Amino acid sequence: APCTPSPSLWASPGKGMSRSLLSPPGIKCGGVLSAPSGNFSSPNFPGPYPYETECTWLIVVAEGSSVLLSFSHFELEYHAACAYDYLQVYNGAARDQGNLLGTFCGHSPPPPFSSAWHVMAVVFRSDRHVAKRGFAAAYWKGSGEGWRWQSIHLSVLLHHPHHPCLSADACGGQLTGLSGEITSPRYPESYPNDAECRWSIGGTGSGGPLTLVFADFQVEGGEGCGFDYVALFDGPTATAPRLGRYCGSARPPRTVSSTPYLLVLFKSDFNIGGRGFKAHFYSAGECQEVFTTVKGNFSSPRYPSFYPNNLKCQWSIQLPPGYQVKVFFLDMELEGRSSLTGGCDYDHLAAFDGGTENGSLLGRWCGRENPSPVTSRSNQLLLVLHTDRNTAKRGFSIAYVGVVPMNVSCTRTDFHIQIPVQSLAHLERNRIYLGTPSCAAQVVGRNFKIHTRFDTCGTESQKRNNTSVIVSTLYIDFSVGDQEDIHQYEVQCEPKRKEASVTFIAGPDPSRLSQAENLVDAQQREGGATDARETKSQDTSDIVFISICILAGLLMVIAVVGLVLL
């Protein structure tokens with residue numbers, strides 16, 4: 001058979017690896033595989049594997065490369081939690097939960113894998129009862145240009161489309177990461193007929209519910225989804241309550257389990273297929289979250305305890321149009337910078353303007369840095385945490401607040417403040433006031449408006465940088481019930497120049513908001529938005545004032561000339 005293991009591939013145990021860990025006495029299995037590519041299998045394959053066996057294969061390829069792994073045959077004793085016979089794949093040599101990519105048993109082959117670096121470990125264990133045929137696997141050196149948590153499916157097949165040990169139909173398995181991706185067999189090509197795949201997701205240790213989001217979906221339709229379908233179950237097996245059964249081309253809704261486990265079952269019949277599906281899962285509230293409220297906070301998984309290894313977590317803040325997102329870093333301790341490059345090459349946190357990693361990079365941090373607040377240019381901001389195979393730290397704690405879009409201007413005697421109603425649609429006008437509640441906003445057309453003189457509404461005159469300015473505080477009251485939540489903006493006017501500005505001064509963490517810089521205060525005007533940090537305004541009173549001065553000067557000259565002539 002083309003995938004029968006070759007004896008020339010087996011190497012002696014590596015340093016620090018005991019012979020007893022690799023295999024029991026008399027059983028030949030495990031070892032260090034250091035060739036650029038090769039095959040290995042369970043003992044006695046394709047015959048039944050022996051009882052009470054534990055084998056460890058350590059796959060080592062050239063530094064800077066990754067290990068690509070695929071299974072062509074797989075048949076182990078089945079158990080819902082793979083507690084009897086099982087196979088585990090680790091990202092690296094260390095056997096800890098942070099490096100575990102998955103635990104597998106039963107008849108569904110594990111998906112293809114790609115390691116994060118040049119080492120991968122595969123552990124096979126059998127108990128004293130029930131033996132099956134075992135497994136056959138192939139590995140080869142990858143480019144090292146990136147990896148995914150669970151499966152790389154089609155990308156692996158494209159690297160080695162004719163590899164004799166590849167199974168394009170590999171699907172299902174026990175997935176234990178905090179986040180990951182699953183796809184139907186052969187995705188995005190048409191999935192095979194008569195397929196049955198089971199992904200049992202869970203066992204992350206977080207204890208929280210799981211969220212599943214479909215990014216793409218095309219499965220043969222039919223009344224009652226009786227032909228091809230994807231079924232979701234609120235637990236590790238199909239005996240758990242069913243959360244949904246889906247087919248056709250409409251993407252299933254975002255699904256959240258009520259338990260720490262979720263089963264995804266995919267079945268196809270004997271004819272008619274489709275593109276299949278791609279879905280992402282994550283531990284809700286742990287590794288990925290979407291925030292739509294005007295303020296909030298979140299932290300890295302397990303904070304303030306050490307975060308797990310091998311993570312890619314995303315937090316997306318999505319506010320109504322016109323808003324900006326301001327993020328405050330309350331605490332941060334990640335793995336430090338690289339001693340070779342000085343960059344954040346290992347664990348790092350990055351912020352992007354917008355909803356994707358294609359947006360402008362607003363910052364990238366690591367170590368024990370104390371970043372200044374970051375403000376998006378749009379109404380969305382994405383934070384992404386990457387952690388590698390080792391060295392974990394405390395993580396981070398973050399608070400954010402939505403900066404309300406407003407247009408602030410002034411004359412020599414008045415403040416003019418305008419806020420789109422749609423930005424604060426759920427607030428009554430008396431929740432928006434300048435200085436005192438008696439100076440509440442009025443609703444004029446599509447805007448909340450405050451037009452008031454300097455000698456009212458709690459304004460005061462101050463000297464700043466040897467310049468006289470008029471200062472007041474704009475309050476926006478988001479309080480609900482007994483929970484007070486009032487955001488404050490300092491409104492400032494320099495009367496001589498008629499220049500106004502607004503600064504966010506109080507929100508989720510007043511002790512750190514003193515670092516706040518002037519915010520964009522003219523986000524949404526009639527006809528468009530502006531990126532300027534200050535909105536300058538002049539009105540017709542300038543022309544009137546200058547005209548009066550000129551006229552007074554002329555009259556004075558005429559009067560003086562008249563007196564001289566008399």
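A search of the whole predicted structure finds 23 aromatic pairs. Rings of Phe, Tyr and Trp (its six-membered ring) count as paired if their centres lie within 6.5 Å; planes under 30 degrees apart are stacked, over 60 edge-to-face, and the rest tilted. In Phe 291 and Tyr 400, the ring centres are 5.8 Å apart and the planes stand at 55°, so this pair is tilted. Phe 291 belongs to strand S19 (residues 288-291) and Tyr 400 to strand S27 (residues 395-403), so the pair ties together parts 109 residues apart in sequence. Phe 291 and Tyr 400 are both buried. Buried denotes under 20% relative accessible area, exposed over 50%, and partly exposed in between (1.4 Å probe, protein chains only).

Strand S27 also holds Phe 396, which pairs with Phe 298 in strand S20 (residues 295-299), 98 residues apart. Here the centres are 6.5 Å apart and the planes at 85°, so the geometry is edge-to-face. Phe 298 and Phe 396 are both buried. Elsewhere, ring pairs join Phe 40, Tyr 49, Trp 57, Phe 71, Phe 74, Phe 124 and Phe 135 into a cluster. A charge also meets a ring: the charged end of Arg 245 sits over Tyr 229, 3.6 Å from the ring centre. The criterion is NZ of Lys or CZ of Arg within 6 Å of the ring centre and within 35 degrees of the ring normal.

The model is predicted; local features need pLDDT of at least 70, side-chain atom pairs count only at pLDDT 80 or more, and totals for chains, interfaces and linings use all residues. Residues are numbered from 1 along each chain as its sequence is written, and side-chain values use heavy atoms, with hydrogens and water left out.

Twelve salt bridges are found in the whole structure. Each is a side-chain nitrogen of Lys or Arg within 4 Å of a carboxyl oxygen of Asp or Glu. Glu 52 and Arg 128 meet in one of them (3.5 Å, N to O). Glu 52 lies in the loop between strands S2 (37-41) and S3 (54-60), Arg 128 in the loop between strands S8 (119-125) and S9 (134-142), 76 residues apart. Glu 52 is partly exposed at 49% relative accessible area, and Arg 128 is exposed at 55%.

Arg 394 bridges to Asp 331, with the closest N and O atoms 2.9 Å apart. Arg 394 sits in the loop between strand S26 (380-387) and S27, and Asp 331 in strand S22 (residues 324-333). Arg 394 is partly exposed at 22% relative accessibility. Arg 431 and Asp 477 form another salt bridge (3.9 Å, N to O). The pair links the loop between strands S29 (414-420) and S30 (432-434) with strand S34 (residues 467-477). Arg 431 is partly exposed at 28%; Asp 477 is buried at 15%. Glu 196, Arg 198 and Lys 267 are linked in a network of salt bridges.

The protein chain has four helices and 37 strands. Helices (H or I, at least four residues) and strands (E, at least two) are DSSP runs, numbered from the N terminus. Buried residues make up 52% of the 566 residues. Among contacts (heavy atoms within 4.5 Å) between residues at least 6 apart in sequence, 73% join residues at least 24 apart.
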